[in-house]
Amino acid sequence: MEHVAPPAWSMLAYLISGILFILALRGLSSPSTSRTGNRFGMIGMTIAVVTTLVVHMPGWGTQLACPGGTPDCGGFGDLLRFDVVTSFEILAAIALGGAIGWVTARKIAMTDMPQLVAAFHSLVGMAAVLVGWAAYLNPQAFGIAGPDGVIEAQSRIEMGLGIAIGAITFSGSVIAFLKLAGKMSGAPILLPMRHVINLGTIVAILGLTAWFTRDQGLWVIATVTALAFIIGFLLIIPIGGADMPVVVSMLNSYSGWAAAAMGFTLHNTAMIITGALVGSSGAILSYIMCRAMNRSFISVIAGGFGAVASNGDAAKTDRPWKRGSAEDAAFLLGEAENVIIIPGYGMAVAQAQHVLREMGDQLKAKGVNVKYAIHPVAGRMPGHMNVLLAEANVPYDEVFELEDIQGDFAQCDVAFIIGANDVVNPAAKTDKTSPIYGMPVFDVEKAKTIMFIKRSMGGVGYAGVDNEVFYMDQTMMLLADAKKMVEDIIKALAH
Amino acid sequence: MDFISILSIFVMACFVGYYVVWSVTPALHTPLMAVTNAISSVIVVGALIAAAAAGSATSKWLGLLGVVLASVNIFGGFAVTARMLAMYKKKDRPAPVVQNGGGKS
């Protein structure tokens with residue numbers, strides 16, 4: 001089929017959907033405008049899909065796509081042809097995918113959000129690979145090749161890069177999904193010579209993409225695809241569980257660049273604008289996560305963090321520490337004026353967010369001023385803790401970011417730490433040899449009393465370092481399952 | 001469109017993205033990821049073109065599969081974002097506690 005330039009109105013429609021996507025992200029600057037923003041996004045997507053269907057669908061856009069009504073284009077004849085899809089098949093494909101997505105989105109627990117997002121990233125990556133291959137096999141349909149089937153050199157580079165980024169996004173996200181879902185160990189897997197292997201593979205992908213402009217052969221693009229799948233896998237396996245927020249953000253960014261590269265190939269404004277938005281969004285989130293851990297992006301990518309978790313086990317159990325009961329904790333909390341609650345991933349694992357909110361309500365009823373403090377890297381993805389607290393109906397104006405609450409610890413009677421560890425470790429401020437040195441942490445040691453809910457004294461945070469806070473005079477260790485302990489405190493408070 | 005016009009749109013969009021994303025409140029970073037994920041499925045446009053075009057049976061089936069994958073993402077991404085954002089509504093009264101941790105939107 002000879003390619004026909006898309007009509008001008010469709011270019012305008014794609015531009016409008018691109019603008020609506022910008023507004024969708026703009027809405028997220030505040031919770032009150034966010035829902036309107038999400039609706040803009042849905043409208044933008046509807047415009048993009050409907051425009052494409054009208055312009056390209058057999059039978060619907062016959063006049064637009066096939067001026068002159070060539071016999072093998074449009075009309076009922078298409079229904080009988082194997083290589084032309086019918087409107088019914090396309091709508092069925094949308095309905096099938098839509099139903100799977102919608103049901104998954106309704107059913108997923110908020111604690112499982114990181115792995116859901118990783119799984120969704122992998123789908124975008126795979127879709128980019130499929131579109132790239134479809135464009136390679138049928139270039140005339142996309143208007144990127146002459147009648148002789150020779151693809152324009154520039155399109156070949158865009159296609160090669162799009163497929164490569166898509167494939168890296170796919171296999172990387174699959175590994176991230178398996179690690180986040182606990183179907184694969186979160187510990188870093190370190191291959192010997194991995195830096196040499198990775199660098200070699202990347203150079204090979206770029207070299208072959210360049211060669212692709214000279215040789216349009218199937219083997220070139222097939223090798224690029226295969227190598228990209230492999231490098232995506234190799235890049236993510238050495239990265240440990242603690243660095244997952246960065247990995248999820250990074251893959252988010254890649255999925256955007258993959259969409260943008262395909263937008264270049266298809267000359268589609270909506271895809272280019274979206275790709276750029278998503279790409280920069282993921283890049284900024286990766287940067288924020290790295291800064292919150294005081295780690296360079298390169299060191300995260302190089303991986304291996306958290307591999308040696310048990311170097312100081314022997315020394316730490318000998319030091320004296322105080323154990324408290326739920327009743328002691330309830331008494332002190334009830335008497336306090338200001339309480340700051342610091343939740344971490346352990347709270348999510350124990351599903352303690354709902355009982356925690358109940359405890360907060362009880363304290364507020366007693367006139368206690370309760371605030372929640374969230375570290376940027378708490379949880380497994382950016383903003384994960386905020387969503388869990390919102391799910392438990394904690395009002396968002398009681399939830400504070402690190403820099404906004406840091407000054408409040410001096411006036412704080414009780415710092416209540418639940419499921420967090422590294423983010424309150426003062427070694428990050430004082431001990432230059434500590435692996436978490438330089439990471440911004442909460443100044444909990446300024447609080448009059450520190451309550452630390454922990455399953456046992458044995459375990460340490462992801463960084464595998466001991467925490468000075470356990471042994472401080474004002475610290476009360478509450479050793480139990482987080483949810484059970486908070487439930488007991490609620491009971492004791494009711495008396 | 002020629003390459004330079006497309007590149008201009010891309011570079012401008014990167015700048016817009018940079019400023020828009022920095023203005024997103026950190027409390028909404030998870031919904032931000034979910035919604036960027038949903039909008040990046042605009043790649044469905046490419047899959048639809050591939051599926052609808054005559055000329056290659058393989059290309060058509062690759063396109064159709066692409067449509068299915070991207071649709072999962074479009075519907076799933078927007079639905080999960082809407083579900084999360086509904087939780088950030090201002091609460092006037094203490095709502096009942098959901099003990100099973102999910103299923104509520």
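**Exercise 1. Is D443(A) buried or exposed, and which partner does its side chain meet in a salt bridge?**

Step 1: D443(A) has 10% relative accessibility, so it counts as buried. The cut-offs are under 20% relative accessible area for buried, over 50% for exposed, and partly exposed in between (1.4 Å probe, protein chains only).

Before going on, a word on the model: it is predicted, so local features need pLDDT of at least 70 and side-chain atom pairs count only at pLDDT 80 or more, while totals for chains, interfaces and linings use all residues. Residues are numbered from 1 along each chain as its sequence is written, chains are lettered from A and ligands numbered from 1 in the order in which they are written, and side-chain values use heavy atoms, leaving out hydrogens and water.

Step 2: The partner of D443(A) is K429(A), at 2.6 Å, N to O. A salt bridge here is a side-chain nitrogen of Lys or Arg within 4 Å of a carboxyl oxygen of Asp or Glu.

Step 3: Now place the pair. D443(A) lies in the loop between α18 (427-430) and β5 (449-454) of chain A and K429(A) in helix α18, so the bridge ties together parts 14 residues apart in sequence. Helices (H or I, at least four residues) and strands (E, at least two) are DSSP runs, numbered from the N terminus.

Step 4: K429(A), at 35% relative accessibility, is partly exposed.

**Exercise 2. Where do D408(A) and K371(A) sit in chain A?**

Step 1: Start with the contact: D408(A) and K371(A) form a salt bridge, with the closest N and O atoms 2.6 Å apart.

Step 2: D408(A) is in the loop between α17 (402-405) and β4 (414-418), K371(A) is in strand β2 (residues 369-374), and the two are 37 residues apart, so to speak distant parts of the chain.

Step 3: D408(A) has a relative accessible area of 24%, making it partly exposed. Over all chains, the structure holds 13 salt bridges.

**Exercise 3. At what angle do α15(A) and α19(A) pack, and which hand does the crossing have?**

Step 1: Helix α15 (residues 353-365) and helix α19 (residues 482-494) of chain A pack at about 25°, with axes 9 Å apart. Axes are lines fitted to C-alpha atoms, for helices over the stretch in contact, and angles run from 0 to 180 degrees between N-to-C directions.

Step 2: α15(A) and α19(A) are therefore roughly parallel (angles under 35 degrees).

Step 3: Their crossing is left-handed, meaning the near helix is turned anticlockwise from the far one by less than a right angle.

Step 4: K491(A) is exposed, at 55%, while D488(A) is partly exposed, at 22%.

**Exercise 4. Which non-glycine residue has a positive phi of about 50°, and where does it lie?**

Step 1: That's N294(A), in the loop between α10 (269-293) and α11 (297-302) of chain A.

Step 2: N294(A) is partly exposed at 42% relative accessibility.

Step 3: N393(A) also has a positive phi, near 70°. N393(A) lies in the loop between α16 (384-391) and β3 (399-401) of chain A and is buried, with a relative accessible area of 11%.

Terms used. Parallel < 35°, antiparallel > 145°, perpendicular 65-115°, else oblique.
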